[in-house]
Amino acid sequence: MAHIVSSWAHAGSVLTVHRWITVIGGLLLACVAVLVLCLQFGATSVNIGNVVPGIMHLFRGDLAGSPSPETSEIIMVQIRFPRVLMGFLVGGSLAAVGVTLQALLRNPLADPYVLGVSSGSALGVSLAILFGIGSTFLLFPLLPLFGFAGGLLALILIYRLAQSKSRLPIHSLLLAGVILNAILTAFIMFITSIMEPNRSAGLMAWLMGSLTAPGYPALGIFLLYVLFVLAVLMHKAQLLNVLTLGEETARSLGVETEGVKKHLFALTALLTGAIVSVSGMIGFVGMVVPHAVRLLIGSDHRLLLPASALVGGMFLALADTIARTIMAPAEIPVGIVTALVGGPFFLYLLLWRKDRML
Amino acid sequence: MGRTSSLLAVDGPAIEVERLSFRYYTMEGRGRMWTLDHLSFHVDAGEILGIVGPNGSGKSSLLKILSGLLPVGEGDVLLDGLSLQKRSQADIARLVAVVPQDYVQVFPFTVVETVLMGRFPHRTVRWWSMGIGDETANDLACAHQAMVDTDVVSLADRLVSDLSGGERQRVMIARALAQEPKILLLDEPTAFLDINHQIEVCSLITRLRAERRLTVVLVSHDLNVASQYCDRVLMLKEGGLCRIGSPEETIRPDVLRMVYGCDVVVDAHPQTGRPRVTMPMSTV
């Protein structure tokens, strides 16, 4: 008995605390290494030696007071560090949203971008920008709320469209996503076409999915927001496992599925709204990353969710480094890089791995 | 009514259904109003009851009501003496386990992980641990015993999606047993299975009833499965109870003609002597 149970744990079929800490700890170390690597590259090369002192300056807050900070330190602290961190947070959030949506819809190809949830959020944000609704109200960021509302509406719509007899056929879900995406994109295009050219150019660049260096207060608020939603999602990870058995089986195991589904829909829309409002539509991170991580560590969401978030963060930080440097000093939107990596991968899964995935 | 199971029944009925009626909301205003109409019956503890009837007669709906997946419309259903409406979903999950008709897993979960999910209703929630390492020694022991009973220990680390239909069905039964239920509900346990796997699953169910003193309710469109393996058979026709009783009382040519509207050949099974249904030679 004991040896069989220990062999289960050894094979990774039972998630032990030890295994969780090993995997997550290893990934955290990898994250630090990747972030330091990403900080080095850019239009201006910054010596690796300046990375650490620059950040130390930042945390001591004595940058302004110090005699004459080097240019590279200013670039590091004011631009590159916040941008890399932003990329990490956005990538991690996208992967977490992807994992949640995939379990919720029992569809390994679900992704906020593919399903039109990102488009819904983008439409909400575009409308807010069109009507000139300020980005903050009493220091409270408003754009994510519009993104949240748009994303939630899109998510509910797609769920209703694809559902037939309390089942969610994988293909009808993807089809509904394609159609919804087309309609929402048309609305967004309409909005950009009636704006003054200089405003619409900025909107277009944002829509293509691009990261910018935010100010530290904005970065701090975004960090808190992301951490809060991820913590709540982590508490639902067990339920995600049970939900993959199918809704009726989950209920027969004592899960109040209706309430859980509503919570999870709201949480994913909240996170998508925040992501889209800061970085536009970055596609495929939410689909590619969870898939790859699942192949390596299995499907248990208690481990899959945090591991995917960390890997997603690394993936987007690296993709953004490529976007920043490949045409330097010009930049390409990071959404192009992720789509070029993720699109073919998606097609591969859809066309050649049919037997396993669908 | 025949009570062939009375040898095994000691605790009184495990399930009591009293004047149960049910309809889907979407069916209102259409021709047929009631999916289930004034059903009353009981299932003794330790009994195997088979529910049969034509397509659309309400078999699956009845099974879903018994497991709390569909609400009790009118009337009442008592599980272990307490009304379903007075039990929470989690409470029902500790008493009743359901094996669904087909199970599709799109994610790479192993057999052990799947069986351990059956322990979910018994988990104690520790909010600080986020569910990590929640599997207690007892959970692992229950899952292991369930896998021994269903003979899937050797498949432990395989992916559920890689298994054959018969193996997957046994894993789903193991998952249900890990719940440590008193009542096991099975929806078409032999559908989509080859004859060897049909025999395997049916004898497994009989063995589990004996070993674990389970009360079993199974829905089957296969009259011979119901006849050979069930203590009593409940025959539904258009949502109403047509007959309930021993296979000899229910699987009869006149009853089947009334329910299915066709003539069949019923003779005695050479080994068990129970009714055996076969198609008649075509008259055309």
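1. Helix H1 (residues 59-66) of chain B is followed by B:Gly68, a residue whose phi is positive, near 80°; helices here are DSSP runs of H or I with at least four residues, strands are runs of E with at least two, and both are numbered from the N terminus. This is a predicted model, in which local features need pLDDT of at least 70 and side-chain atom pairs count only at pLDDT 80 or more, while totals for chains, interfaces and linings use all residues. Residues are numbered from 1 along each chain as its sequence is written, chains are lettered from A and ligands numbered from 1 in the order in which they are written, and side-chain values use heavy atoms, with hydrogens and water left out.

2. Because 6 of the 8 residues of H1(B) are buried, this helix is largely enclosed by the rest of the structure. Buried means under 20% relative accessible area, with a 1.4 Å probe and protein chains only. The residues concerned are B:Lys59, B:Ser61, B:Leu62, B:Leu63, B:Ile65 and B:Leu66.

3. Chain B also holds an open sheet of 6 strands, in the order S6-S7-S8-S3-S9-S10, with mixed pairing; two strands pair if DSSP finds at least two bridges between them. At the edges lie strand S6 (96-99) and strand S10 (240-245), each of which pairs on one side only.

4. Within this sheet, strand S8 (residues 215-219) of chain B deserves a careful look. All of its 5 residues are buried, so S8(B) is largely enclosed by the rest of the structure. Both faces are covered, with B:Thr215, B:Val217 and B:Val219 on one side and B:Val216 and B:Leu218 on the other.

5. What are the partners of S8(B) in the sheet? Strand S3 (residues 48-52) of chain B pairs with S8(B) in the parallel sense over 4 bridges, and B:Leu49 has B:Val217 as its bridge partner there.

6. S7(B), helix H6 (residues 195-212) of chain B and S8(B) together make a right-handed β-α-β unit, which means that, with the strands pointing away from the viewer, the path from the first strand over the helix to the second runs clockwise.

Technical notes
Buried means under 20% relative accessible area, exposed over 50%, partly exposed in between (1.4 Å probe, protein chains only).
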